[in-house]
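Dear colleague,

Please find the structure for your review below. My notes on it follow directly after.

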Amino acid sequence: MIEIFTDGACLGNPGPGGWGVLIIENGDRRELDGGEAETTNNRMEMLAAIRALEETPKGARIVLHTDSQYVKNGITSWIKGWKRNGWKNASKQPVKNKDLWEKLDILAAERNVDWRWVKGHAGHAENERVDDLARKAAQTFV
């Protein structure tokens with residue numbers, strides 16, 4: 001089993017953004033980060049999950065921890081209705097971040113992912129670490 005922690009950050013929304021990932025596999029810890037000059041917090045949260053899953057093999061058993069209800073609820077619940085309704089939300093408006101939702105949907109379908117929400121900024125060591133990675137990555141675009 002692979003355990004993953006992800007987080008995104010944005011300095012302004014929109015503004016410079018960053019994402020951070022911690023992958024724990026067989027006791028080994030690997031960190032990843034990146035960002036964009038002009039983005040949103042939700043896009044950075046999603047990119048963190050996407051980049052993390054891209055680093056894992058198809059078929060892998062994964063527990064992915066995110067402090068984003070948007071990511072967790074979107075991929076485990078809302079996406080089914082969005083796809084059924086031609087990528088329209090409950091208000092009949094186009095789903096925001098469709099490009100990333102489609103990518104995340106494909107990656108998640110190729111793996112056995114247990115999506116777990118963790119409360120952010122609550123002293124959880126791994127969540128605090130990925131938050132730090134995301135914020136530092138965002139700072140590089142200031």
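In which strand is the place of Thr66? Thr66 belongs to strand S4, residues 61-66; strands (E, at least two residues) and helices (H or I, at least four) are DSSP runs numbered from the N terminus.

This is a predicted model, in which local features need pLDDT of at least 70 and side-chain atom pairs count only at pLDDT 80 or more, while totals for chains, interfaces and linings use all residues. Residues are numbered from 1 along each chain as its sequence is written, and side-chain values use heavy atoms, with hydrogens and water left out.

Thr66 has 0% relative accessibility and counts as buried (buried means under 20% relative accessible area, exposed over 50%, and partly exposed in between, with a 1.4 Å probe and protein chains only). A polar atom of the Thr66 side chain lies 3.0 Å from the backbone nitrogen of Ser68. Leaving aside residues up to four places away in sequence, Thr66 touches Thr6, Glu45, Val71, Lys72, Arg116, Trp117 and Val118, where contact means heavy atoms within 4.5 Å.

The largest nonpolar core has 31 residues, of which Ile4, Leu53, Trp101, Leu104 and Trp115 touch the most other members. Such a core is a set of buried Ala, Val, Leu, Ile, Met, Phe, Trp, Tyr and Cys residues joined through side-chain atoms within 4.5 Å. Among the elements giving two or more residues to this core are strand S1 (2-10), helix H1 (41-54) and helix H3 (98-109). H1 supplies the largest share, eight residues. A second, separate core of five residues includes Phe5, Leu22, Val130 and Leu133.

The structure also holds 13 salt bridges, each a side-chain nitrogen of Lys or Arg within 4 Å of a carboxyl oxygen of Asp or Glu. In one of them, Arg43 pairs with Asp99, with the closest N and O atoms 3.0 Å apart. This pair links distant parts of the chain, as Arg43 is in helix H1 and Asp99 in helix H3, 56 residues apart. Asp99 is partly exposed, at a relative accessible area of 42%.

Glu110 forms a salt bridge with Lys58, the closest N and O atoms being 3.7 Å apart. Glu110 lies in the loop between H3 and S5 and Lys58 in the loop between H1 and S4, so the pair ties together parts 52 residues apart in sequence. Glu110 is partly exposed at 28% relative accessibility, whereas Lys58 is exposed at 61%. Glu110 also forms a salt bridge with Arg111, at 3.2 Å between the closest N and O atoms.

Yours sincerely

Definitions and conventions
A polar contact is a pair of N or O atoms within 3.5 Å; within protein, one must be able to donate a hydrogen and the other to accept it, and residues adjacent in sequence count only if both atoms are side-chain atoms.
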